[in-house]
Amino acid sequence: MQEKVELTPTMEAIAKQYKLVLSEIGENPEREGLIKTPERVAKAMQFLTNGYSINPDDLIKKAIFHEAYSEMVIVKDIEVYSMCEHHMLPFFGKAHVAYIPDGKIVGLSKIPRVIDAYSRRLQVQERLTIEIRDCIQRTLEPKGVAVVVECCHMCMQMRGVQKQNSVTTTSAFTGLFLKNDATRKEFINLVQAKLH
């Protein structure tokens, strides 16, 4: 006997639509392997898009600490999982984020949480990169922010041009990272370095 899954009204509406999609592509939504698929997809979509219910600014504001540290802080190799808004297919990779404090630092776990909040929305990588940068700049008010995001896009690999080895890299900078070539170069070198 299968366990009954409690769905919210939103999840029920999404599941109903996915049942129609299964029929429209020529599948039988009543066959054994697909009976619960609309519900599972609805639950997955709810999770994959839960960033709409999160305010990234609040994540950072809850963990700001006053500290005299004024050198570059980098959190790199942060996993990114998102869905492109054009085809609703996944893109995934890594984000590298740095900031130069101006009297305030943030709890390090908040930077990956900000990335999750923005990436768990329908996205384009270019906007995702800018949203991460702007959130950190706006809330922490550092001397500069640097963000680099590297991702593989299933909409390019599974369909369309079908280029399996392509990687898209985007970057966004503020403050000292924009004004000072040496600072930007130091960030890029540290991102590329394998120090651990």
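Reader: Is the crossing of helix 4 and helix 5 left-handed or right-handed?

Author: This is a predicted model, in which local features need pLDDT of at least 70, side-chain atom pairs count only at pLDDT 80 or more, and totals for chains, interfaces and linings use all residues. Residues are numbered from 1 along each chain as its sequence is written, and side-chain values use heavy atoms, leaving out hydrogens and water. A crossing is left-handed if the near helix is turned anticlockwise from the far one by less than a right angle, and right-handed if clockwise. For helix 4 and helix 5, the crossing is right-handed.

Reader: Which residues of helix 5 make the contact with helix 4?

Author: Contact means heavy atoms within 4.5 Å. From helix 4, V114, I115, Y118 and S119 take part. Their partners in helix 5 are L128, E131, I132, C135 and R138.

Reader: How many residues in the contact of helix 4 with helix 5 are charged?

Author: Asp, Glu, Lys and Arg count as charged; Ala, Val, Leu, Ile, Met, Phe, Trp, Tyr, Cys and Pro as nonpolar; the others, Gly among them, as polar. The contact has 6 nonpolar residues and 1 polar residue. The charged residues number 2.

Reader: Why are helix 1 and helix 2 called oblique to each other?

Author: Angles under 35 degrees count as roughly parallel, over 145 as roughly antiparallel, 65 to 115 as roughly perpendicular and the rest as oblique. Angles run from 0 to 180 degrees between N-to-C directions, with axes fitted to C-alpha atoms, for helices over the stretch in contact. Helix 1 (residues 9-24) and helix 2 (residues 37-48) pack with their axes 8 Å apart, at an angle of about 125 degrees. The two helices are therefore oblique.

Reader: How many residues in the contact of helix 1 with helix 2 are nonpolar?

Author: Helix 1 brings T10, M11, I14, A15, Y18, K19 and L22, which meet residues of helix 2 including P38, V41 and M45. By class, 3 residues of this contact are polar and 3 are charged. The nonpolar ones number 9.

How values were computed: Helix = DSSP H or I, 4+ residues; strand = E, 2+ residues; numbered from the N terminus.
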